[in-house]
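Biologist: Hi! Could you walk me through this one while I have it open on my screen?

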Amino acid sequence: MQERVYEVNGLNLAYTVVGQGPSVLLVHGFALSRRLWAPQVRGLADRYRLVLPDLRGFGSSDAGEAQPTIETYAQDIAALLDVLNIQRIVFCGLSMGGYIAFAFYRLFPQRVQALVLADTRAQADTPEIRQAREEQITLIDREGTTALADVLWPRFLAPENAERDPALVREVRAMIEGASARGAIGALRAMMDRPDSTPLLPQITCPTLIIVGEQDSVTPRADAELMAARIPQAKLKVIAGAGHLSNLERPDDFNQALRAFLAEVVG
Ligand code: MLT
């Protein structure tokens, strides 16, 4: 996947475009990178033009000095679409990528042709989650993103997938270790301060696919069911045998669900 770079306020942000056809944006989750989508590139680039950004502070993208909000990431994505001359897109976000999808929809509803919300939630952080994020900030400050990787990967993968596939664990760890400390801390603060998106759900008028790993313990099935109940045109796909990173843990099932949805909404 050939890396390209665009600039936002002096920051170099990395991305890849692969394939031809209707444009589909794939936005990775917290502390990961566009490498998260390798199985979707293999499974979908024959039919779709996939746009894969590294969010600021992750993968090969600069973190910058300023504290981002969740809207900052959405604005970075809008700037990328402008560079690529893409007016409307299917926006697929996993976890934090889904939080950014809600922010993007609030800012630019006319640019969203369809939504895919994978392993994510609409609600804001609870006090317990905020506390856990404060602890992660302290950990990253002291020990960097390698220590963060130790904490996160067991939460991200269903235990049997981690046991069966050590290469999967290594890949998830490598993505997290590749994040900059500043980028990870900035994203934790942005997630802590993000608004509750549940009031937005009934106003989402585009076709929407919600995907969740059956064993997702970070953004569990109940969160997916809430979104499916409140978004007027939503469909829900539960992926058996997957945890929080359903696209990596069960790529064939994930790709099949995504392909079927894309065939319906963009051909
Ligand atoms: C993610 O996968 O993006 C994060 O785990 C989401 C979160 O911590 O809320």
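Modeller: Happy to! Keep in mind that this is a predicted model. Let's begin with glutamate 249: leaving out residues up to four places away in sequence, glutamate 249 touches Phe156, Leu157, Ala158, Asn161, Arg164, Leu168, Ala242, Gly243 and His244.

Biologist: Which helix does glutamate 249 lie in?

Modeller: Helix H9, residues 246-249.

Biologist: And is glutamate 249 buried or exposed?

Modeller: Glutamate 249 counts as buried, because its relative accessibility is 3% and the cut-off for buried is under 20%.

Biologist: What does the side chain of glutamate 249 reach at 3.5 Å?

Modeller: The backbone nitrogen of histidine 244.

Biologist: Nice. How far is glutamate 249 from alanine 174, going by C-alpha atoms?

Modeller: Their C-alpha atoms are 16 Å apart, and the two residues are separated by 75 residues along the chain.

Biologist: Let's move to helix H6. How many residues does H6 have, and what does H6 span?

Modeller: H6 covers residues 166-177, twelve residues in total. From first C-alpha to last, H6 reaches 16 Å, close to the 16 Å expected at 1.5 Å a residue.

Biologist: Which residues of H6 are buried?

Modeller: Leu168, Val169, Val172, Arg173, Met175 and Ile176. Looking down the axis of H6, these buried residues fall within an arc of 160 degrees, so they line one face of the helix.

Biologist: Why would residues spaced like that point the same way?

Modeller: An α-helix has 3.6 residues a turn, so residues three or four places apart point the same way.

Biologist: What do the buried residues of H6 pack against?

Modeller: Three helices: H4 (127-156), H5 (159-164) and H9. Leu168 is one of the buried residues of H6, and Leu168 is also among the residues that glutamate 249 touches.

Biologist: Changing topic: what volume does the largest pocket have?

Modeller: About 240 Å³. The largest pocket is lined by 17 residues, and the closest to its centre are Ile129, Arg133, Gln136, Arg155 and Val218.

Biologist: Which elements give two or more residues to that lining?

Modeller: Helix H3 (96-107) and H4. The largest share, eight residues, comes from H4.

Biologist: What about enclosed space? How many cavities of 30 Å³ or more are there?

Modeller: One. About 40 Å³ of space lies in the largest cavity, and its lining is made up of Ile70, Tyr99, Phe102, Arg106, Arg121, Ala122, Arg194, Pro195 and Ser197. H3 gives the largest share of that lining, three residues.

Biologist: Now backbone angles. What is phi for asparagine 9?

Modeller: Phi of asparagine 9 is positive, about 45 degrees, although asparagine 9 is not a glycine. Most residues other than glycine have a negative phi. Asparagine 9 sits in the loop between strand E1 (4-8) and strand E2 (11-18), and asparagine 9 is exposed, at 76% relative accessible area.

Biologist: And aspartate 119, what is its phi and where is it?

Modeller: Aspartate 119 also has a positive phi, near 45 degrees, and is placed in the loop between strand E6 (112-118) and H4. Aspartate 119 counts as buried, with 0% relative accessibility.

Biologist: Last one: where is aspartate 76, and what does aspartate 76 touch?

Modeller: Aspartate 76 is in helix H2, residues 70-83, and counts as buried at 5% relative accessibility. Setting aside residues up to four places away in sequence, aspartate 76 touches Tyr6, Val8, Leu13 and Arg56.

Methods
Residues are numbered from 1 along each chain as its sequence is written. This is a predicted model: local features need pLDDT of at least 70, side-chain atom pairs count only at pLDDT 80 or more; totals for chains, interfaces and linings use all residues. Side-chain values use heavy atoms; hydrogens and water are left out. Helices (H or I, at least four residues) and strands (E, at least two) are DSSP runs, numbered from the N terminus. Buried means under 20% relative accessible area, exposed over 50%, partly exposed in between (1.4 Å probe, protein chains only). Contact means heavy atoms within 4.5 Å. A polar contact is a pair of N or O atoms within 3.5 Å; within protein, one must be able to donate a hydrogen and the other to accept it, and residues adjacent in sequence count only if both atoms are side-chain atoms. The expected span of a helix is 1.5 Å times one less than its number of residues. The arc is that of the directions from the helix axis to the C-beta atoms. On a 1 Å grid over the protein atoms alone, a cavity is a set of points where a 1.4 Å probe fits but cannot get out, and a pocket is an open set with protein on both sides within 12 Å along at least five of seven lines; lining residues have an atom within 4 Å of a point. Grid points are joined across faces, edges and corners, and a volume is the space filled by probe spheres set on the points.
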